[in-house]
Structure formats: C-alpha cells, structure tokens
Amino acid sequence: MNHSRRKAIKTGGGLLALLLSAGILKPGEALAQADAFSMKTLAEALRAVGAQNPAASNAIVFKAPAIAENGAVVPVAVESKLPGTESITLLVEKNPTPLVASFVIPAGTTGSISTRVKMGQTSDVYALVKAEGKFYMAKQEIKITLGGCGG
Amino acid sequence: MADPMRIRATARDGAVNVKVLMSHEMETGQRKDASGKLVPAHYIRSVTATHQGKTVLTAQWGPAVSKNPYLEFDFKGGQKGDKVVVTWEDNKGEKRSDEGVIN
C-alpha cells in the first residue's frame, strides 16, 4: 500500500513538473491546487487555497439535506449573494482530504452551483466563497447514515 | 472512451441554466477490491464550460465528487440556439468534450 502510494506521489510530481515546464500552469497556481487537494485537515486545505481566517457570511446560502442516507451521493447546492463572487469551494471537514471541489465563476456567471459529493461520515460541510479578493465561509452539518468513502 | 455527457441548457429569465451529467467512475483510490488490493484513483480533475468561445465556468475537482458527476450552474448572455461546450479531463489524462444547444 505504501509502495504504490509513493509511486503515485512520484508520478504526480513528474506530471506537475511537465505541466510547469510546458507553461500550461503558472507555478503558484499549479502547486496550490495539487497541494490543496491532498491536505488532510480543513485548516491545511484552507491555508493551501490561500484562505486564512475567512469571515463567516450570511450571504452564502446552502441547499443541502440535514440528513443524507447515502454518503456516496450527497446533493449540495451553494448560492453566493456576495457581489463580485469569483470562486466557490466546497470542503467536507471529516473526509480523508477535506477539499472536494473548487469552481471559478467568471463575470456573467451566477454565483450558484449544484453538484453531488461523497462524504465518509457525518460532518460539517463548508462553502468558501472568494468575492472581490476576500474570503467568506458558511457551513452546514450533514448527517450521514451510510458512509461513501472506503467500503 | 468514456460515455457522452448529458447536457441540458435552458434559457429562462435572461439567464441560461446548464445541467450536466457526466459518466465517470470517480474512483477515490481508497477503496479495496474483492482481493483486498487498492483500486487506483481515477477521477475527473478539471471541468471547463464555454459559450461562444467564452469560458462560463471552470472547476477543479478532487476524488470526493460523486460517481457520474452532476453539475448545475447559470450564466447570463446566452441565446436560444447557441451552443454550450463542456470539457473534462481526468487524472489519467483522458478527456471528453460534448456540447448542448440552449433551448
């Protein structure tokens, strides 16, 4: 298990170097993304995406069930009413890697996103919104009856 | 080659609502098969949606997005009959691009 994991990390690094050298990704951007998705705690993931101490906001609306029967498919919708919303990021605190997905919202696109995520266990789910260069966050607890990770 | 995406784009109230259903395993890399070996991670890593050549949404995903991912968003400036193109790329470099017509 450890062996294959190391190998995967190595290959990942090689791919990253390739993308960097090809100029497809800007160094900062590429590192931030690869790192952020592998972070094991919420605080680390937030730091990796550059959001330290995001302000709690009531202008971020969650549409998600309070109890989800199947953790493999949890519908989550987030609507940001903050002006100048640039990105919406979803994080599940108790997943092995909390960062789930990050959406970049260009001007002209509404700050609302719906998708479906996996959750290993009952956890707080966070929506991190970047608007006009600042980070805001809202959370909701979703209870899981049947886990969706591992198995 | 992965199965085609299902894309539904609907114009309403001056905006276009886009619903996309992708066909992908979204394997986390943490699950074991019957013989106890880890199933290698295989998941969509990036998604891009464009309208008339202009990007209307990009997304970076980790393996915790559900199998056969669903995505819904709205953008302004689309007309009936225009095309919305959605492209994904997974962690193995596989790509798929499909288009839907706004109605």
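Which residue of β5(B) does Ser114(A) stand opposite? Ser114(A) faces Glu72(B) in that strand. This is a predicted model, in which local features need pLDDT of at least 70, side-chain atom pairs count only at pLDDT 80 or more, and totals for chains, interfaces and linings use all residues; side-chain values use heavy atoms, with hydrogens and water left out. Residues are numbered from 1 along each chain as its sequence is written, while chains are lettered from A and ligands numbered from 1 in the order in which they are written.

**Interface of chain A and chain B**

- Chain A brings 28 residues to the contact and chain B brings 29 residues. Contact means heavy atoms within 4.5 Å.
- About 2,400 Å² is buried between the two chains. Carbon and sulfur atoms give 51% of that area. Buried area is the accessible area (1.4 Å probe) that two parts lose on being put together, summed over both.
- On the chain A side, the residues that lose the most area to chain B are Ser114(A), Arg116(A) and Lys118(A). Together they account for 24% of what that side buries.
- A salt bridge needs a side-chain nitrogen of Lys or Arg within 4 Å of a carboxyl oxygen of Asp or Glu.
- Polar contacts do cross the interface: 15 residue pairs qualify, both residues at pLDDT 80 or more. A polar contact is a pair of N or O atoms within 3.5 Å; within protein, one must be able to donate a hydrogen and the other to accept it, and residues adjacent in sequence count only if both atoms are side-chain atoms.
- Three elements of chain A give two or more residues to the side that touches chain B: α2 (27-38), β6 (99-104) and β7 (109-117). Helices (H or I, at least four residues) and strands (E, at least two) are DSSP runs, numbered from the N terminus.
- β7(A) gives the most to that side, with eight residues.
- By type, the chain A side holds 16 nonpolar, 10 polar and two charged residues. Here Ala, Val, Leu, Ile, Met, Phe, Trp, Tyr, Cys and Pro count as nonpolar, Asp, Glu, Lys and Arg as charged, and the others, Gly among them, as polar.

- β7(A) pairs with strand β5 (residues 70-76) of chain B. The sense is antiparallel, over four bridges. Two strands pair if DSSP finds at least two bridges between them.
- Ser114(A) lies in strand β7 of chain A.
- Ser114(A) is buried, at a relative accessible area of 17%. Buried means under 20% relative accessible area, exposed over 50%, and partly exposed in between (1.4 Å probe, protein chains only).
- Not counting residues up to four places away in sequence, Ser114(A) touches Val76(A) and Ala77(A) in chain A, and Tyr70(B), Leu71(B) and Glu72(B) in chain B.

**Chain B**

- Chain B has seven strands and zero helices. Along the sequence the pattern reads β-β-β-β-β-β-β.
- Of the 103 residues in chain B, 47% are buried.
- Take the contacts in chain B between residues at least 6 apart in sequence: 55% join residues at least 24 apart.

**Salt bridges**

- The whole structure holds eight salt bridges over all chains.
- Lys143(A) bridges to Glu141(A), with the closest N and O atoms 3.3 Å apart. Lys143(A) is partly exposed at 42% relative accessibility, and Glu141(A) is partly exposed at 39%.
- Lys67(B) bridges to Glu25(B), with the closest N and O atoms 3.8 Å apart. This pair links distant parts of the chain, 42 residues apart. Lys67(B) sits in the loop between β4 (54-61) and β5 of chain B, and Glu25(B) in the loop between β2 (15-21) and β3 (44-51).
- Lys67(B) is partly exposed at 44% relative accessibility, and Glu25(B) is partly exposed at 43%.
- Glu27(B) and Arg31(B) form a salt bridge through their side chains, at 2.7 Å from N to O. Glu27(B) is buried at 8% relative accessibility, whereas Arg31(B) is partly exposed at 35%.

**Gln140(A)**

- Gln140(A) lies in strand β9 (residues 134-146) of chain A and is buried at 18% relative accessibility.
- The Gln140(A) side chain reaches the backbone oxygen of Pro65(A) at 3.4 Å.
- Beyond neighbours within four places in sequence, the contacts of Gln140(A) include Phe62(A), Ala64(A), Ser123(A) and Val125(A).
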